[in-house]
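Open the model in your viewer and keep the selection panel at hand. We will go stop by stop.

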Amino acid sequence: MENSLNKNDSEHISNPESWVDKYGNYLYRIAIQRTKDKNLAEDLVQETFMSALKGRHSFQGKSSEKTWMVSILKNKIIDNFRINSKYVGLDNEMFEETFGFFQKEGAMKGNWNTELAPQKWSDSPDDVLESNELLKTLHMCIEKMPKQLSIIFTIKEIDGLNTKEICKEFDISMSNLWVILHRARLLMRSCMEKNWFTSTIKGQLNE
Amino acid sequence: MNKLLELLMNNLARIMNKFTPSCDAITLKISRTLDNSISLKDRLAIRFHVIFCKFCRRYEKQISGLHNYLLRNASKYDDITEDDSIQLSEDIRLKIKKRIKEENID
């Protein structure tokens, strides 16, 4: 009797025992994308359900149950970075893939390598209004980046943490963060050029 | 005089390279404009550079286009993958279910 009372105490919340089936994989994917760590992601999902269980009486039903759980998870992800502040180790390896974009020596040092330089795009992202395919391709490009770049870029561009917060949570300097975001964008752009905005007039000189 | 001008034009990129930061440095500044406000000096350096450099001109347009697209669609981002290869293992599912069941009673 007591049991059933407890279970129905919040009209906004579905039966917690159904959560794993309903949201488990969804939350797990979000956690994986932001940690690139299987065990950690599993723990974060578990902790999310436990927090939701504790906090279910205060859930007002203003957002969907799913949205509510996602926000709990994302807070846990950020907390985790703070606790493991050396989580994103800075090493040259994460920049390796971007070394080829600019010339390394000679009179034109630091200028674009012509083969990897931005080509004219057949259309602009601004012209693509509602296309899940474009978003899917972007997603793929972001997931393909080196781990540290991918995590920080996702937290910044998707979850909307500002640069100050990111520096604090990851314990990195602002100039390091700028370089990380810069390198991430170089990779994203060239990946999108290859996979989406394939130029039809590649190599054409006039613009 | 014409010859000199021609020579100048042919080596414009080289000359530009002497007077403005390289594309590597300029693209970093361009990236920063998407995250924070930057100094007037840096903004002028970008504007001056892209007059002569079509690659950086394209770069600026393309990454700000992608940045704005992501901003507009950030809320859809988590729903976009139906990657079934990323799933909680059965062990973990059972483990979490068990914990929920236990803690749901008291």
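The tour below starts with confidence and then moves to the interface.

This is a predicted model: local features need pLDDT of at least 70, side-chain atom pairs count only at pLDDT 80 or more, and totals for chains, interfaces and linings use all residues. Residues are numbered from 1 along each chain as its sequence is written, chains are lettered from A and ligands numbered from 1 in the order in which they are written, and side-chain values use heavy atoms, with hydrogens and water left out.

**Stop 1: confidence.** The model scores ipTM 0.82 and pTM 0.83.

**Stop 2: the contact.** Show both chains. Contact means heavy atoms within 4.5 Å. Chain A brings 76 residues and chain B 53 residues. The buried area (accessible area, 1.4 Å probe, lost on being put together, summed over both parts) is about 6200 Å². Carbon and sulfur atoms give 57% of it. Select Arg29(A), Leu135(A) and Trp178(A): in chain A they lose the most area to chain B.

**Stop 3: a salt bridge.** Which residue does Asp35(B) pair with? Lys156(A), with the closest N and O atoms 2.9 Å apart. The rule (a Lys or Arg side-chain nitrogen within 4 Å of an Asp or Glu carboxyl oxygen) finds nine salt bridges across this interface.

Technical notes
Buried area is the accessible area (1.4 Å probe) that two parts lose on being put together, summed over both.
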